[in-house]
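Please work through each task before reading its solution.

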Amino acid sequence: MTAPGTPQPGESRRIRPSLPPLVAKARKLLAATFSAEGLSDNAPVLIACSGGPDSMALAAAAAFFTRSRSKRRPVGAVIIDHGLQAESSAVAERTRQNLEALGLSAVLVRSVHVAQGTKAPGEQPSYAGGLEAAAREARYTALAEASREWGAAAVLLGHTRDDQAEQVLLGLARGSGTRSLAGMPARREFHGEVFLRPFLSLSRAEIEQLCELEGLNPWQDPSNADPAFARSRVRHRVLPELELELGPGIAAALARSASILSDDADLLDTLAAAEFSRLAVREEPARIAFDLLELRALPTALRRRVLALATTSLGGEQPSFERLLAVESLLEGRGSAGPVQLAGKVTGCRRRAGGYARLVLQQQ
């Protein structure tokens with residue numbers, strides 16, 4: 001007597017091929033991201049796809065959820081054609097075909113106009129100007145618009161641990177503060193839309209392996225190897241040199257530092273928001289005042305964040321470190337009373353009223 005399920009003579013057992021561990025890992029990262037964000041199984045998501053290895057590997061992993069019986073959800077993709085290269089439209093079309101072959105619910109193509117000199121979209125407020133920043137601004141705006149049109153719960157971005165390490169090094173080179181050195185967040189809102197980065201724990205080497213396992217032939221962006229771009233020099237020269245001189249694992253260490261700094265920055269931002277609510281007096285829509293002594297009594301890290309919050313709440317841009325130092329000089333109560341120019345047509349000055357010295361920020 002044979003046990004139930006034992007193949008009878010002449011029968012063969014169908015053996016299901018085992019799932020490569022890296023493919024399983026990528027899918028688990030996506031599932032964990034959906035769970036952490038509280039997305040129901042039927043909540044649609046969009047992949048921001050350039051056709052490169054990162055976004056194609058992400059699209060392949062996400063495509064699993066379009067056919068999963070237990071975790072099925074609509075998954076679409078958005079291809080942004082920046083028009084910066086002669087073959088950009090051909091790349092976009094080839095990427096569209098590759099994504100449709102993966103079985104995604106919808107593939108959208110958006111062409112954008114890249115105007116240099118605009119500020120970056122929230123990622124690094126102090127990093128403005130230049131082709132990369134302008135392209136990023138146009139891309140994120142188009143992605144947010146596509147997300148609203150499609151009713152997506154989130155847009156997924158394919159940034160990796162190596163991208164994070166490059167971001168930290170670029171921030172160090174600019175002399176940036178905690179928030180900038182915290183790198184790219186796993187979650188970000190832009191123009192009211194949610195952007196998620198589920199692959200920040202994967203290395204670029206793992207991404208390339210994923211592409212091989214999934215049978216993908218991603219596009220290789222020539223600008224990634226162009227030494228005219230700082231990020232390209234960091235990727236191909238600086239990081240390899242650091243690995244050579246300091247040993248392997250530099251990218252992972254930098255990404256780990258970014259994660260630690262992100263937690264620190266989140267706490268400081270929360271504390272600063274509470275102090276801003278406690279101290280700021282909005283005298284009129286375009287003017288905010290602070291008691292000079294109370295503002296001066298704050299720890300430096302909180303005081304500068306409060307000043308930055310006041311500036312942006314008045315419609316200005318994130319002030320630079322040098323502009324914050326200039327405003328802080330008004331707190332000493334001696335010398336010039338201002339005005340001191342901040343970013344985005346916001347000025348600060350010292351005033352005295354009713355026996356109290358105040359710092360007043362005002363939109364011009």
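This is a predicted model: local features need pLDDT of at least 70, side-chain atom pairs count only at pLDDT 80 or more; totals for chains, interfaces and linings use all residues.

**Exercise 1. Determine the strand order of the open sheet and identify its edges.**

Solution. Six strands make up the open sheet, and their order is β3-β2-β1-β4-β6-β5. The pairing within this sheet is mixed. At the edges stand β3 (106–111) and β5 (187–190). Each of these has a single partner strand, so one side of each is left without a neighbour in the sheet. From one strand to the next, the twist averages 30°.

**Exercise 2. Describe how β1 and β4 pair, and find the bridge partner of Leu46.**

Solution. Strand β1 (residues 45–49) and strand β4 (residues 154–156) run in the parallel sense, paired over three bridges. The bridge partner of Leu46 is Val155, in β4.

**Exercise 3. Classify the crossing of α8 and α9, and characterise their contact.**

Solution. The axes of helix α8 (residues 230–246) and helix α9 (residues 250–279) come within 9 Å and cross at roughly 105°. Angles of 65 to 115 degrees count as roughly perpendicular, and α8 is therefore roughly perpendicular to α9. On the α8 side, the contact involves Leu239, Leu242, Glu243 and Leu246; these meet Ile250, Ala251 and Leu254 in α9. The contact residues comprise six nonpolar, no polar and one charged.

Key: Residues are numbered from 1 along each chain as its sequence is written. Side-chain values use heavy atoms; hydrogens and water are left out. Axes are lines fitted to C-alpha atoms, for helices over the stretch in contact, and angles run from 0 to 180 degrees between N-to-C directions. Helices (H or I, at least four residues) and strands (E, at least two) are DSSP runs, numbered from the N terminus. Angles under 35 degrees count as roughly parallel, over 145 as roughly antiparallel, 65 to 115 as roughly perpendicular and the rest as oblique. Contact means heavy atoms within 4.5 Å. Ala, Val, Leu, Ile, Met, Phe, Trp, Tyr, Cys and Pro count as nonpolar, Asp, Glu, Lys and Arg as charged, and the others, Gly among them, as polar. Two strands pair if DSSP finds at least two bridges between them.
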